[in-house]
Amino acid sequence: MAVYKGYKTYSTDSVGSDVVFTDESHHYQGMLRAMDERKDERDRVQKKTFTKWVNKHLVKAQRHITDLYEDLRDGHNLISLLEVLSGETLPRERDVVRNSRLVSWV
């Protein structure tokens, strides 16, 4: 049974509990979904823009990344980027980085 009061619809579910449905709540949920979609799009654009910026600098070190998160994860490309930006050579511990990355997958 439903009783209409203004913009709210009150209903009883199979257990006998009152459930409130409002047109406003559906509108609010739609707005939240739209905001999430815009945030996802903004995040995608920022990731793409930053990836292009990183590649612009990494070309000087003869390196390239395709996925910002994965390709900077082991630290080698990140160190190369820092070297290009700072103009200094930084120490690299190849075996330590590789072993710690393998351990994180276990």
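**Reading a predicted helical and stranded model**

Author: Of the 106 residues in the protein, 14% are buried, where buried means under 20% relative accessible area, exposed over 50%, and partly exposed in between (1.4 Å probe, protein chains only). This is a predicted model, in which local features need pLDDT of at least 70, side-chain atom pairs count only at pLDDT 80 or more, and totals for chains, interfaces and linings use all residues. Residues are numbered from 1 along each chain as its sequence is written, and side-chain values use heavy atoms, with hydrogens and water left out.

Reader: Where in the protein is confidence lowest, and where is it highest?

Author: The term pLDDT denotes the predictor's confidence in each residue, from 0 to 100. Its mean over the protein is 78, and 65% of the residues reach 70 or more. Strand β1 (residues 2-5) has the lowest confidence, at a mean of 47, and helix α3 (residues 76-86) the highest, at 95. Over residues 1-6 the pLDDT is below 50, and this stretch has 10 contacts in the model beyond near neighbours in sequence; a contact means heavy atoms within 4.5 Å. Where pLDDT is low, the predicted coordinates should not be read in detail.

Reader: What pattern does the secondary structure follow along the sequence?

Author: Helices (H or I, at least four residues) and strands (E, at least two) are DSSP runs, numbered from the N terminus. There are four helices and three strands in the protein, in the order β-β-β-α-α-α-α.

Reader: How many aromatic pairs does the structure hold?

Author: Rings of Phe, Tyr and Trp (its six-membered ring) pair if their centres lie within 6.5 Å; planes under 30 degrees apart count as stacked, over 60 as edge-to-face and the rest as tilted. The structure has one aromatic pair. Phe50 and Trp53 form this stacked pair, at 5.4 Å centre to centre and with 15 degrees between the planes. Both residues belong to helix α1, three residues apart, about one turn of the helix. Phe50 is partly exposed because its relative accessibility is 35%, and Trp53, at 36%, also counts as partly exposed.

Reader: Is His57 buried or exposed, and why?

Author: His57 has a relative accessibility of 11% and therefore counts as buried. The residue is part of helix α1 (residues 23-58). Leaving aside residues up to four places away in sequence, His57 touches Leu81, Val84 and Leu85.
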